[in-house]
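Here is a short tour of one protein model. Look at the sequence and the fold, then read on.

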Amino acid sequence: MLGLMQVRPLLISNLIHFAERHHGEAEIVSRRVEGDIHRCTWVDVARRARCVANALDADKLAFSDRVATLAWNGYRHLELFYGVSGSGRVLHTINPRLHPDQIAWIINHAEDQVLAFDTNFLPLVQAVHTQCPTVKKWVALADADKLPQDTGIPNLVSYEAWIAGQADTYDWPEFDENSASSMCYTSGTTGNPKGVLYSHRSTTLHALAATLPDAMNLSARESVLPVVPMFHVSAWGLPYSAALAGCKLVFPGPAQDGKSIHGLIEAEKVTFAAGVPTVWQMLLAHTQGNGLKFSTLKRTMIGGSACPPAMINAFRDQYGVDVLHAWGMTETSPLGTLCMLKEKHLSLETEAQLAIRLKQGRALSGLDMKIVDTDGKELPWDGETYGDLLVKGPWVIKAYFKSEGGDPLVDGWFPTGDVATIDADGFMQITDRSKDLIKSGGEWISSIDIENIAVAHPAVAIAACISAHHPKWEERPIIAVVKKPGAEVTREELLAFYEGKTAKWQIPDDVVFMESIPIGATGKILKMRLREQLADYRLTTTEA
Ligand code: AMP
């Protein structure tokens with residue numbers, strides 16, 4: 001017997017429809033690429049999202065066609081989030097920090113039809129557009145009179161001109177909630193970036209779970225600042241959760257420095273802000289250096305990399321701001337766990353409570369997790385035994401786009417590439433990473449790519465890339481090198497060899513020349529052993 005309740009597919013258009021009707025007056029405030037502050041409301045976003053949908057119809061984009069963005073957090077990007085997915089197309093947010101060759105590769109792999117970009121990414125678009133034959137329209141996110149001229153890009157229009165002639169009425173279509181809604185490529189895997197394809201259902205369920213009190217605890221009384229970019233897994237889903245809860249949204253645009261972020265938090269009475277540790281490092285340096293306070297900020301959600309204890313303490317002791325430590329992945333939409341304390345932790349001494357707060361936290365309601373040993377046997381939740389972390393749930397990946405890399409699941413569970421403990425209360429803590437990658441300022445660097453470039457140098461016999469602690473970027477790559485017999489190369493020559501072969505920020509910070517590098521029985525470099533050998537190594541940096 002089936003239940004007798006209404007069947008309404010879980011579509012992203014429902015979220016914007018709800019925000020418009022029930023929280024229409026809540027503001028969307030954006031610092032634009034132009035530098036000024038733009039203000040609108042959920043009503044305006046919904047209206048213009050419908051214009052976007054009509055513009056895509058006029059451009060004859062089919063159901064599931066991809067529309068890409070190279071854009072910072074802002075109201076136009078938000079309109080695309082809803083206009084593109086709501087009308088049945090797939091929003092593809094691209095990380096502009098990748099190397100142009102990688103961006104071109106991703107655009108071609110996704111077969112993007114339209115690409116919308118912030119005007120400060122014009123040089124990037126100029127560098128890649130000739131390599132992207134699927135893109136039939138390039139949309140500059142700008143007013144009609146600010147359209148860059150003489151760019152050499154054919155079929156370039158301004159966003160405002162593109163949507164200007166379009167009706168602001170549109171009947172959001174109803175279709176299967178399992179249809180694809182958006183996609184994001186992750187370079188947090190080996191080999192080429194892989195596409196993660198979210199559905200309307202996965203996005204809606206993730207937004208609901210993320211908004212719950214023991215997760216982000218969002219309500220219509222919050223002013224929310226996603227500093228985490230919308231090209232990093234949809235700013236952790238905040239554009240969706242904020243619509244669902246009716247929050248005010250504050251977008252920082254490209255200005256991520258401490259002064260700009262603090263100014264925005266104060267001016268817009270931000271109560272909840274989300275970002276990676278590097279951004280909060282810059283914010284704290286600014287507030288501490290200038291004797292500033294936060295008048296309204298109550299909570300900061302920190303994830304993407306492990307949150308340092310000093311950061312949790314500084315926010316709490318100096319500013320009365322609670323840190324909400326979170327873990328997730330592109331493959332998990334992204335939220336997997338959040339560190340919201342249980343009742344029994346509230347009476348703990350400061351140090352004991354900090355030990356809990358440093359953990360990545362409890363599973364979001366609806367997600368399951370486990371740790372296993374090398375044979376796949378489940379390990380106990382004792383807070384000490386560590387093993388490979390696996391997750392499953394309705395917003396966890398089933399397969400990569402175009403089945404790249406084959407079936408990623410193990411008995412229905414997704415192996416995260418993280419190594420963790422789980423305690424008796426269900427609090428997970430990351431202790432290591434089994435994937436051979438480095439995360440610098442929230443962005444991935446493939447150690448394999450860095451090694452491949454080094455071994456292409458005629459003087460290099462063996463190269464192994466590992467991470468070194470950095471006060472600002474958390475991790476930075478360094479490369480250990482064994483020279484070929486009789487060959488010579490200096491640190492400076494080897495670092496110069498990287499120029500043009502990878503994005504500038506991915507170039508290692510240092511070279512360590514060694515007599516030998518530990519190699520295992522199967523010929524693999526033993527990174528654990530190498531890390532032990534270089535345990536005393538310290539990166540010398542002048543950066544704060
Ligand atoms: P991404 O797919 O780029 O979002 O990266 C996901 C990966 O970032 C995870 O598998 C972890 O390795 C790492 N990560 C995310 N959040 C945290 C955290 N709070 N602590 C430690 N590592 C994290």
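Is Asp411 buried or exposed? Asp411 is exposed, with a relative accessible area of 74%. Exposed means over 50%, buried under 20%, and partly exposed in between (1.4 Å probe, protein chains only).

## About the model

This is a predicted model: local features need pLDDT of at least 70, side-chain atom pairs count only at pLDDT 80 or more, and totals for chains, interfaces and linings use all residues. Residues are numbered from 1 along each chain as its sequence is written, and side-chain values use heavy atoms, leaving out hydrogens and water.

## Backbone points

Asp411 is not a glycine, yet its phi is positive, about 50°. Asp411 sits in the loop between β18 (387-392) and β19 (414-422). Helices (H or I, at least four residues) and strands (E, at least two) are DSSP runs, numbered from the N terminus.

Glu474 also has a positive phi, near 70°. Glu474 lies in strand β24 (residues 474-483) and is buried, at 13% relative accessibility.

A cis peptide bond joins Ser333 and Pro334, with omega about 10°. Pro334 is in the loop between β14 (322-328) and β15 (335-338).

## The nonpolar core

A nonpolar core is a set of buried Ala, Val, Leu, Ile, Met, Phe, Trp, Tyr and Cys residues joined through side-chain atoms within 4.5 Å. The largest has 109 residues. Trp42, Tyr82, Trp280, Met301 and Phe315 have the most contacts inside it. Helix α2 (residues 42-58) gives the most to this core: nine residues.

Tyr82 is in contact (heavy atoms within 4.5 Å) with residues including Trp42, Trp172 and Tyr240, leaving aside neighbours within four places in sequence.
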